[in-house]
Amino acid sequence: MSLRAPLRRVLGAGSAHEGVHHWWAQRLTSVALVPLTAWFAVSLLTLPSFDHATVSAWMHGSATALLLILLVLVGTWHSQLGLRVIVEDYVRGAGARTVTLALLTFLHALLAAAGVLAVLKVALGGAA
Amino acid sequence: MPQRPISPHLSVYRMTRYTLATSIFNRFTGVGLSCGLLLLVYWLMAVAGGPMAQARAQRLLGHPLMRIVYAALIVSFCYHLVAGIRHLVWDTGHGLERAQSQKSAWLVVAVSIALMLAVGWCVFAGAGRAP
């Protein structure tokens, strides 16, 4: 007799206990990153210069700040998902793999927080 | 732990054919873009740090050798974007036949190289303005 609820089986949560969550998150973030990165690339190419006044005036716009925050958050999430699979594929030994995955997760959380903080600081700061 | 071969295998397939090369290059460029993410956050923090901090960062970011990094990022971005779209098409269940995936592999290479040239031209042609 199986103790697994039928719903568990339908949801596909096997021994990894998470089913298709990783796969689905990777697809969602990649779809979101197509317009976000395209917008960012075009924005950088059309900025008249990279001096502080120009860049901070650009980041001061609400739409720019919003899209930059989304780019940082979705980008770090997607990066974390991708690098995680590479570590799972190539890092041998449970200990080394766990430590590498933990470090990767911390690093990405740090990057996401630092990026969002930086954008907010400029966007909410005084006049550019 | 049993000594099983690690997936995906890099040495047991013919790289010259088609799909393995496009797949593993997608991984390499993904890692490259993760490094680009570091650079993006560094730049955002520099801007948030004020004019002095940004001027300091700009000396590093504007260094001639950084052009190699930007070129690598352009190659990575264009390839990963186009190859990623191919993966999304696959996820709908289309284009998975061998002949189709062979054809789309070449399409990915052709489109991404065209995109690389276009973006690279925009970035490096206006050289005085480039970061």
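In the predicted model, chain B exposes about 7,900 Å² of accessible surface, and carbon and sulfur atoms supply 71% of that area. Of the 131 residues in chain B, 34% count as buried. The secondary structure of chain B consists of 4 helices and 0 strands, so that the order of elements from the N terminus is α-α-α-α. Among the contacts in chain B that link residues at least 6 apart in sequence, 69% join residues at least 24 apart.

The interface between chain A and chain B involves 40 residues of chain A, in contact with 35 residues of chain B. The size of an interface is often given as the accessible area lost when the parts come together. For chain A and chain B, the buried area is about 3,100 Å², and carbon and sulfur atoms give 70% of it. Between the two chains, 2 salt bridges are counted. One of these joins Arg27(A) to Asp91(B), with the closest N and O atoms 2.4 Å apart. Polar contacts between chain A and chain B number 6 residue pairs, both residues of each pair being at pLDDT 80 or more. On the side of chain A that touches chain B, α2 (21-46), α3, α4 and α5 of chain A each supply at least two residues. The most is given by α4(A), with 12 residues.

Helix α5 of chain A covers residues 94-124. At 1.5 Å a residue, its 31 residues should span 45 Å, and the end C-alpha atoms lie 44 Å apart, which agrees with that expectation. The buried residues of α5(A) include Leu101(A), Leu104(A), His108(A), Leu111(A) and Ala112(A). Further along the helix, Ala114(A), Gly115(A), Val116(A), Ala118(A), Val119(A), Val122(A) and Ala123(A) are also buried. An α-helix has 3.6 residues a turn, so residues three or four places apart point the same way. The buried residues of α5(A) pack against elements of both chains: α3 (52-60) and α4 (62-90) of chain A, together with α1 (19-48) of chain B.

Within chain A, Thr64(A) is located in helix α4. Thr64(A) counts as buried because its relative accessibility is 12%, under the cut-off of 20%. Leaving aside residues up to four places away in sequence, Thr64(A) touches Trp39(A), Trp58(A) and Met59(A).

Key: Residues numbered from 1 in each chain as written. Chains lettered and ligands numbered in written order. Predicted model: local features only at pLDDT ≥ 70, side-chain atom pairs only at ≥ 80, totals over all residues. Heavy atoms only, no water. Expected span 1.5 Å × (residues − 1). Buried < 20%, exposed > 50% of the residue type's maximum accessible area, 1.4 Å probe, protein only. Contact = heavy atoms within 4.5 Å. Areas by Shrake-Rupley, 256 points an atom, 1.4 Å probe, with all protein chains shown as cover. Buried area = accessible area lost by both parts, 1.4 Å probe. Salt bridge = Lys/Arg side-chain N within 4 Å of Asp/Glu carboxyl O. Polar contact = N/O pair within 3.5 Å; in protein donor to acceptor, adjacent residues only side chain to side chain.
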